[in-house]
Amino acid sequence: MLLFIGALTIGLILSLLALGIFISFRVFDFPDITADGSITLGAAVAASMIVGGAHPAVATAAAFVAGAGAGVATSIVHTRCGVNRLLSGILVMTALYSINLHVMGRANVPLLSSRTLASMAEDVGQFVTGADAVNIAGWMTSTRDLSTLFFALLIAAAMSVLVFSFFRTDIGTAMQASGDNDQMMRALGVNVDNMLVLGLALSNGLVAVSGALLAQYQGFADVQMGIGSVVWGLASVIIGEALVGTRKLGLVVTGAVMGSVLFRLLVAVALRAGLNPNDLKLATAAFVLAALVFPGIVARVRGRAPVTDVKK
Amino acid sequence: MLTIEGVKKTFHPGTPHEVRALDGVSLTIEPGSFVVVIGTNGSGKSTLLSAVAGSIPVDEGRIVVDGVNVTKWPDHRRAKLVGRVFQNPFAGTAPSMTVAENLSLAAKRGRARGLGWALNAGVKREIRERISRLGMQLEDRIDNPIGTLSGGQRQALTLLMASWSKPRLLLLDEHTAALDPKSADQVIRLSEEIVKRDRLTTMMVTHSMQQAAKLGDRLVMMHRGVAIHDFSGAEKARLRPQDLLARFEEIRRADLLDQSAAAMLSRTYV
């Protein structure tokens, strides 16, 4: 039960990563590797600020700003300096590794004795229920774990609604269309370069918040924690798309959150069943590869071209 | 409304692939007039349109739209003044977004976009109304992704989008060349209607002699990067496709003569 609740909580926290990856990979078709660095950046900024005495909510907000900055850096390197998309992300990600070390001052910042959003949620939960454990369908479950789960659910829901609403506004639809057909948007008076800057800022801001929350939940920030995040987020988005079976925005956003949770559960089950934790990233990469290649093979076997978006 | 002065554009300068696409074009278009541009392949007619739209920078010359010198403006900035329909029917719309979303994007052309809802009730009502005026039975499909519509339907909607907020200048870039004859007819009819109704200053590039003869109140024929003929008024009204073909034949003969003269000169002197 503890394993299950833990997996759900981390899945919900990482759904913000999935939302960020959705914006860069799906809305802009921009393979933004920066996320590997910006998730750690978010964790580093939040952890250092919390240790320094800042309110955890302020520290999390600061993580968003820092992540957005990383996104701006990548998009500027691409749009203003004309560097290839993938390479701009790699450059910023690499630079972030040093920056993260500077932000933390060392490779690892523990938060176990600090007041974090997670510990605050636990306090609220204990205050409300007045008990240390709650009986759920015959399982005695710690109130602390349940409160953090509930808190993560609230955050994930709020962020999905925010992202969905944003893509319903004038600027949000313009952003979506810039990714879909940039030639058209230039003809309609939109500076598509600036749209990309804004989009990657938003994307990496969300990713950094995900890192900040993860650090507060697991009780530490570590300079290595971001490795593989992009693939992880992409796996969530792909599972989400398979779950909802459409490219409709509202459903895809919901799907990304569900995909993140489901993927985390799958990982928990696999580890429980004896998967060597060292093989986890290999398995994740293999899964994403399969998910990317499989639909094309199925379509070819069925004798028709795979359904792809119309490209200009 | 549009003044083009001595505009030059050379692609791949200084290489064996050098192409002098525009060789000092000058053209003034009065407000409210509908100018058709025709020309042989490689005559520079599409380049001229792209230069006006701002999607390619020019080497020399000036482009003035509605009294504003826009020569140095990027295309997204010119969109404030200029509406555009592309040759490729898929180029003017965002395929994964709905018909209504696409049109709401066009309704904000060249204006600041903020955090207001893109599709509020008022906008949606107006979109439905304007689409129903097209008479293509598309008003019940405004919540479908625009990518599910045919090329002709998408081109008609692109036309509606380009003309939505009455641009100072409407550019039509061989916008029926990629359509089947029936859709092409329909889109041409709509273009005529919209241009006439909103009295839009229009510049249209076409391959079709029929369209060139029938549409517009002025016709410019381009060859080798310059405007070689310019018909307007009664002279334009009298033009028939055969006359245009005859002009093209003249150009071809002149070219042949040039070539044979060059060949003769080289035989004699080289």
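## Two helices of chain A

In this predicted model, helix α1 (residues 2-27) of chain A packs against helix α9 (residues 192-218) of chain A at an angle of about 165°, and their axes are 8 Å apart; here axes are lines fitted to C-alpha atoms, for helices over the stretch in contact, and angles run from 0 to 180 degrees between N-to-C directions. α1(A) and α9(A) are therefore roughly antiparallel to each other, a term used for angles over 145 degrees, while angles under 35 count as roughly parallel, 65 to 115 as roughly perpendicular and the rest as oblique. Helices (H or I, at least four residues) and strands (E, at least two) are DSSP runs, numbered from the N terminus.

Among the residues that make this contact are Leu17(A) and Gly20(A) of α1(A) and Leu206(A) and Ser210(A) of α9(A), where contact requires that the C-beta atoms of two residues, placed from the backbone, lie within 7 Å. By class, the contact of α1(A) with α9(A) has 15 nonpolar, 7 polar and no charged residues; Ala, Val, Leu, Ile, Met, Phe, Trp, Tyr, Cys and Pro count as nonpolar, Asp, Glu, Lys and Arg as charged, and the others, Gly among them, as polar.

## Confidence and conventions

The average pLDDT of chain A is 90, and 96% of its residues score at least 70, pLDDT being the predictor's confidence in each residue, from 0 to 100. Within chain A, confidence is lowest in strand β2 (residues 133-136), with a mean of 77, and highest in helix α3 (residues 56-79), at 97. Residues 306-312 of chain A have a pLDDT below 50, and this stretch has 12 contacts in the model beyond near neighbours in sequence. Where pLDDT is low, the predicted coordinates should not be read in detail.

Residues are numbered from 1 along each chain as its sequence is written, and chains are lettered from A and ligands numbered from 1 in the order in which they are written. Because the model is predicted, local features need pLDDT of at least 70 and side-chain atom pairs count only at pLDDT 80 or more, whereas totals for chains, interfaces and linings use all residues.

## The sheets of chain B

Chain B has an open sheet of 4 strands in the order β2-β1-β4-β5, with antiparallel pairing; two strands pair if DSSP finds at least two bridges between them. The edge strands, each pairing on one side only, are β2 (19-29) and β5 of chain B. Strands β1 (residues 2-11) and β4 (residues 60-65) of chain B are joined by 5 bridges, and Arg62(B) in β4(B) is the bridge partner of Glu5(B). β4(B) and β5(B) form a hairpin with 2 residues between them, and Asp66(B) in the turn has a positive phi of about 50°. Helix α1 (residues 45-53) of chain B lies across β1, β2 and β4 of chain B, running at about 65° to β2(B).

Another open sheet of chain B contains 6 strands in the order β6-β7-β8-β3-β9-β10, and its pairing is mixed. Its twist averages 20° from one strand to the next. Strand β9 (residues 218-223) of chain B runs antiparallel to β10(B), to which 6 bridges join it, and Met221(B) stands opposite His229(B) in β10(B).

## Where the chains meet

In the interface, 27 residues of chain B are in contact with 22 residues of chain A. On the side of chain B that touches chain A, α3(B) supplies the largest share, 4 residues, and the residues of this side divide into 11 nonpolar, 9 polar and 7 charged.
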